[in-house]
Amino acid sequence: MSVNPITSVDLSDVARLIEKQNANPDTQCLYSGERAEEIEIALRREPAPCYVVARKGHTLVGAMGCEIEEGRGYLQGPFVDGADFDATADALWEALQTQLPPLTGWEAFLHVCNERGAAFYLRQGFRRGQTAHIYVLPASALQPIEGEPALRFTPECAESVRSLHERAFADDPTSIEPFMNRDDETRGLFVYVQDGRCVGYVAASIHENPREGSIDLLAVDASVRNRGYGRRLLLTAAHWLIRERGMQRVGLTVRDMRADARGLYQRSGFQLLHTGVGYARELPMHKRG
């Protein structure tokens with residue numbers, strides 16, 4: 001078996017391998033694509049994910065990749081078919097690390113049924129994180145907004161939005177700042193403001209390959225909860241993505257601990273698609289640069 005960096009001649013084979021693996025929950029690695037044609041487009045784009053491939057002779061038996069964002073590596077795979085999983089996965093991991101720049105750490109997200117992938121990451125020193133649920137809202141299931149929709153963000157309420165974001169997502173590194181850029185046509189931020197104070201907001205974005213909308217952040221101030229603001233915010237963003245931006249579906253991810261949020265999404269027409277588990281490994285400071 002040989003393990004090498006991916007080349008242009010490998011792309012179609014790798015895309016088909018990932019499609020096959022992700023069709024089965026027992027081998028699925030979430031956020032790496034479901035259809036071969038979309039996966040191949042993602043592999044060809046710039047900047048492309050860093051991938052290595054394993055072959056026995058001319059036959060592709062494994063692949064593993066990594067996307068880099070803000071100094072962290074987001075892993076895809078290992079995808080292994082027709083070979084010893086443990087040996088092939090270990091070889092792919094070793095080869096992939098030699099192709100990456102210095103990172104602060106790695107993260108992976110697997111289907112909850114992918115036991116062999118989970119064992120691989122634990123064996124490599126990753127820690128298991130929380131269970132998370134992926135929901136989707138097909139365009140055909142879009143519900144009407146009852147009551148006044150949320151308004152598009154304006155700079156006048158920026159500080160109030162930041163204040164609510166800091167309270168709602170104190171333990172989450174996701175920044176609200178990119179969504180405040182009104183010139184970015186791939187992102188939308190919608191707010192409810194009362195007496196000059198933001199009491200709720202929703203942040204949404206558009207993704208390519210596959211092309212779909214995403215609900216990225218949703219927050220409602222404790223003083224106005226249970227009044228329908230969350231559902232109206234959610235549907236305002238969904239209407240923007242589907243009606244105005246032409247998305248065929250809208251997705252979101254919610255941690256297992258947010259049972260109240262899951263109920264809101266289900267009442268708003270979102271359907272459970274996958275349940276996954278995150279794995280993470282931080283790099284010691286002396287290995288980062």
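Let's start with helix H2 (residues 36-44), whose buried residues are Ala 36, Glu 38, Ile 39, Glu 40, Ala 42 and Leu 43. Helix H1 (11-22) and strand S2 (50-56) are among the elements that cover those buried residues. Please keep in mind as you browse that this is a predicted model. From here, the briefing moves out to the whole chain and then back to a few local spots.

**Overall build**

- The protein contains 7 helices and 12 strands.
- Its radius of gyration is 20 Å, close to the 19 Å that the globule rule gives for 289 residues, so the protein is as compact as a globular protein of that length.
- Along the principal axes, the C-alpha atoms fill a box of roughly 65 × 45 × 35 Å.
- If we take contacts between residues at least 6 apart in sequence, 71% of them join residues at least 24 apart.

**Burial, surface and charge**

- Of the 289 residues in the protein, 49% are buried.
- The accessible surface amounts to about 14,500 Å², and carbon and sulfur atoms account for 48% of that surface.
- The protein carries 33 positive and 39 negative charges, and the mean positions of these two sets lie 3 Å apart.

**Strand S12 and its partners**

- Strand S12 (residues 271-282) pairs with strand S5 (residues 105-111) in the antiparallel sense, over 7 bridges.

**The loop around Pro 102**

- Pro 102 sits in the loop between helix H3 (85-98) and S5.
- Is Pro 102 buried or exposed? Its relative accessibility is 53%, and because exposed means over 50%, Pro 102 counts as exposed.
- Pro 102 and Leu 283 are 181 residues apart in sequence, while their C-alpha atoms are 9.4 Å apart in space.

**Back to helix H2**

Definitions and conventions:
Residues numbered from 1 in each chain as written. Predicted model: local features only at pLDDT ≥ 70, side-chain atom pairs only at ≥ 80, totals over all residues. Heavy atoms only, no water. Helix = DSSP H or I, 4+ residues; strand = E, 2+ residues; numbered from the N terminus. Rg over C-alpha atoms; globule rule 2.2 N^0.38 Å. Buried < 20%, exposed > 50% of the residue type's maximum accessible area, 1.4 Å probe, protein only. Contact = heavy atoms within 4.5 Å. Areas by Shrake-Rupley, 256 points an atom, 1.4 Å probe, with all protein chains shown as cover. Lys, Arg positive; Asp, Glu negative; His and termini not counted. Charge placed at Lys NZ, Arg CZ, Asp CG, Glu CD. Pairing = 2+ DSSP bridges.
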